[in-house]
Amino acid sequence: MSSFIDYTVNGLVVGNIYALLAVGLALIFGVANLINFAHGSVYTFGAYIGWAAVTFLHTPLPVTMLIVFVACAGLGVVIERVGLRPLQGKARIAPLLATIGLSFVLDQLVQLVFSPDPRAVPSDLPDWRLAVGDGSIGAMDILIAAVGLASAALLYVFLRFTKLGFAVRATAQDREAAQQMGVNVDAVNSAVFAIASALGGLSGLLVGMYYNHIDPAMSFQATLKGVVAQVIGGVGNVPGAIVGSLLLGLTESYGIALLGTTYRNLFAFVLLIAFLLWLPNGLFGGRATIQSEPLVGSFIAPSRPIRLPRWAVAALALAAFALPLATSAPYLLQTLTNAWLAAMLALSLTLIAGTAGQISFGHAGLLAIGGYASALLALDLGAPPILSIPAAGLITAGLGALLVFPAFRLRGHYIAIATLAIGEIVSLVILNWEGLTGGAMGLTGIPPLSFLGQDIFSNRAIYWLCLAIVVSLAALQARFLNSHFGRTLRAVREDEIAARSYGIKLDRYKGLAFAFGGFGAGVSGAIAAHLYSYLNNQTFDSQLSLLALTMVILGGMGNVLGAIVGAVALVGLPELFRVAAEYRILIYGVVLLLLIRFRPQGLLGTV
Amino acid sequence: MAPLLDIRGLTRRFGGVVAVKALDLTVGEGEFVSLIGPNGAGKTTTFNMISGLERLDGGEVRFAGRSIQGLTPEAIAALGLARTFQHGRVFANLSVEDNVLLGAHTRLRAVKPRLPVIGPLAELVLALVRPPAVKKEEQALKAEAREILNLFGERLTPRLDHPAYSLSYANRRRVEIARALALRPRLLLLDEPTAGMNPTETAEMQALIATLKGRGVTILLIEHKLDLVMQLSDRVYVLDDGVKIAEGPPEKVRNDPAVIEAYLGHREIGRAASSVEVVAS
């Protein structure tokens, strides 16, 4: 691979693969107004079904494709039935979170059944290449292009000329009206999920054959790429999704040619942010953004929070402080210390996503900033942790608010996508800025926690330190919310138009929420850095962001005590009951699904 | 003296439709002015343009002696303009009290020092530290919020800490007006405050609006219930298809043939008749 033609062919092939994903996402967004975060999991599922068929049944390619197509269509129907249909009429965020829960479950099931090891997908395609100019085109390239074109053509015929296609388009335009006219909307949704998932599964199979490599961790990136392609083309726009995918594929391919493979995703996410900011309706969307009517309490489940009396909260805190006096079991103390670190993150996220309504999917990025800031201050400047940790908190507050600032004008789903991308960008910048961060090698030898020159190694001391920070941050946050900031941020969450009409400057208050929340998350990341003594760009990954969101939902969005309860429940309990690591994500997924279905306001209630 | 609100040639187009066409409208200090007209006449669009939510395609809006077009809604609110919304936009998950306190946001002084650049940080620190001045301000606002809610008799005062989503429809509308009053507006825009209310509730709302008028609040009202409009207004503007078809004191407007036609829909009857003819021929 060296010539311009090779890079172009590669870009178009990858673009075709993205298109198969993005078209499905667009169809689903059209009828269900939902960004399906489980779509990448279907893609992985398709890849593994194909691998299993070829490996165990020795099926020829057309049969393999048929098996993948049918199996993934079935999975799509299941996703619609579990993740979407029971949640009609619930908060708008509910189906989105349900698909995240489903993706946890599906990815983990794939991993448990097929093992986490990467696999090679054998291909029975002839190994010839056609020379074109100074490049070449292989059989695989032609196959992928053919599948892409054929799918697009079939989809066009289906949407344009079949009765079900009419029903799909009618539902996409106006769900209620279609229903009134006798369209079975549930059946339409089911069909759309089946078609979208079948195409997504094929995409996974083709990718497996193209790179001769599949692994269960590829879901998340696939979802992201599909979403990026969709945003470029205009969310919910099928032809737009295809053009967006090809553009994304070409951009990535040329980007790699210029700068190297570690920059591939950086291009994708920078492109995403650029489109969200300057062309949020994509290439094919109209210019005017439609101001959506505020559905009363639409993004957060209304509830009356459970308020514990002060003495009960004080008693809980005292019991937590007294625990190390009763036991010195290192395992228990370390586990709870991890829970306290998670609680700092959850406190931060519950403020930003819960109170201010800015659903952030990239919160681990704040941990990374805090961790690297403190580590670099300690390593390069010799700052003691007692100074470098609060400094890291402040740096995270400032940098975090600054990075998200351009996304403040976005709302709902879009702010979630933007924060997700910003989180990924932070990780990719860390990977590529080797001079500062050590790149993929990471930072080693980060000094341990210390106080006045005394290193802190004892489990008890670390436990107390982290607990004290959690309690202080929680008390500070409660006081913050008890001031005019509490009602102001919640007003921003409830209805931006009404808030502005009463003089609230949105940027100012969103910025302050991110700054306040960023501090706590930065401190958490900084302490973790000193405890682990090692960091790299994957220490705080996007899965952690989604886990933090699960904690926040479990405790009750915006609920300060709830965030701590959620962190202890999800980080502490599985560890204490020694649940094997591979089942943990499965549990998170199931917890998320059950919560959204049966107790969307969380354990202690949304505030 | 220039009127408090002075609108000249206000125009707004949506695609090919002219929603509001070259509208002139003034509201003097202390005056009670109503804006009436059939559905789709452009009344709410006019409100949206005055309050900064909708851009102008032409014309000028002057408020309190300065031009406010191009200003953001938050800046216009800070100049002393409060509005309610046609379909009601209370903050559903906020308590009744918090909804009203939020209306006073533009009046926060002690906790929001007017400092360049470090203003937001100062606000954060003051809210956390809470010096006496900040506490006093919050207490005073809370007392004032109770007073405002007392205007509605026993409707809202027993429900201070109830979230707004749990209130009846009429009570949500009342909360919205209470929130607007907390801004201490120089001009209050009311968009169909009695929409969807039964006769008793409407009479109660009319009494309240009369009280506000008695207290000298300057009001621009959109309303379909003509009895209320005719009894309270100093002047009435009538809009139809985005065009002003009449203006003046209530008794003059009431007898204007153009207004009667717009309301009784002579043209509609005519149109229906002509389409019958087409079918018949």
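1. How many helices and strands does chain B have? Chain B has 11 helices and 10 strands. A caution before going further: this is a predicted model.

2. Start with the overall form of chain B. The C-alpha trace of chain B spans about 80 × 40 × 40 Å along its principal axes. Chain B has 281 residues, and 40% of them count as buried. Consider next the contacts in chain B between residues at least 6 apart in sequence: 65% of these join residues at least 24 apart.

3. Now look at the sheet in chain B. An open sheet of 4 strands runs in the order 2-1-4-5, with antiparallel pairing. Strand 2 and strand 5 (66-67) of chain B stand at the edges. Each has a single partner strand, so one side of each is left without a neighbour in the sheet.

4. On one flank, strand 1 and strand 2 (residues 17-27) of chain B pair in the antiparallel sense over 7 bridges. B:Leu5 stands opposite B:Val27 in strand 2 of chain B, and B:Arg13 stands opposite B:Val18 in strand 2 of chain B. The hairpin of these two strands has 2 residues between the strands. There, B:Gly15 takes a positive phi near 60°.

5. Strand 1 (residues 5-14) of chain B also joins strand 4 (residues 58-63) of chain B. Here the strands run antiparallel, with 5 bridges. B:Arg8 has B:Glu60, in strand 4 of chain B, as its bridge partner.

6. Turn to chain A. Its domain assignment gives domain 1 (4-278) and domain 2 (310-598). The C-alpha centres of domain 1 and domain 2 of chain A lie 32 Å apart. Contact between them involves 30 residues of domain 1 of chain A and 28 residues of domain 2 of chain A.

7. Which helices of chain A each supply at least two residues of the side of domain 1 that touches domain 2? They are helix 4 (93-114), helix 9 (219-233) and helix 11 (264-278) of chain A. Helix 4 of chain A gives the most to that side, with 13 residues. By class, this side of domain 1 of chain A divides into 24 nonpolar, 5 polar and 1 charged.

8. Helix 13 of chain A deserves a check of its length. This helix has 26 residues (residues 330-355), and at 1.5 Å a residue it should span 38 Å. Its end C-alpha atoms are 36 Å apart, which agrees. Helix 13 of chain A does bend, by about 25° at A:Leu349. It is mostly covered, with 20 of its 26 residues buried. Just after helix 13 of chain A, A:Gly357 takes a positive phi of about 75°.

9. Last, the two chains together. On the chain A side, 28 residues are in contact with 30 residues of chain B. Helix 18 (459-482), helix 19 (484-494), helix 20 (496-501) and helix 21 (506-532) of chain A are the elements that give two or more residues to the side of chain A that touches chain B. Helix 19 of chain A has the largest share, 7 residues. The side of chain A that touches chain B has 13 nonpolar, 7 polar and 8 charged residues.

Key. Residues numbered from 1 in each chain as written. Chains lettered and ligands numbered in written order. Predicted model: local features only at pLDDT ≥ 70, side-chain atom pairs only at ≥ 80, totals over all residues. Expected span 1.5 Å × (residues − 1). Bend = angle between axes of the 7 residues up to and from the residue. Buried ≥ 20, exposed ≤ 12 C-beta atoms within 10 Å, placed from the backbone. Domains from an automatic or database assignment. Contact = placed C-beta atoms within 7 Å. Nonpolar A, V, L, I, M, F, W, Y, C, P; charged D, E, K, R; others polar. Pairing = 2+ DSSP bridges.
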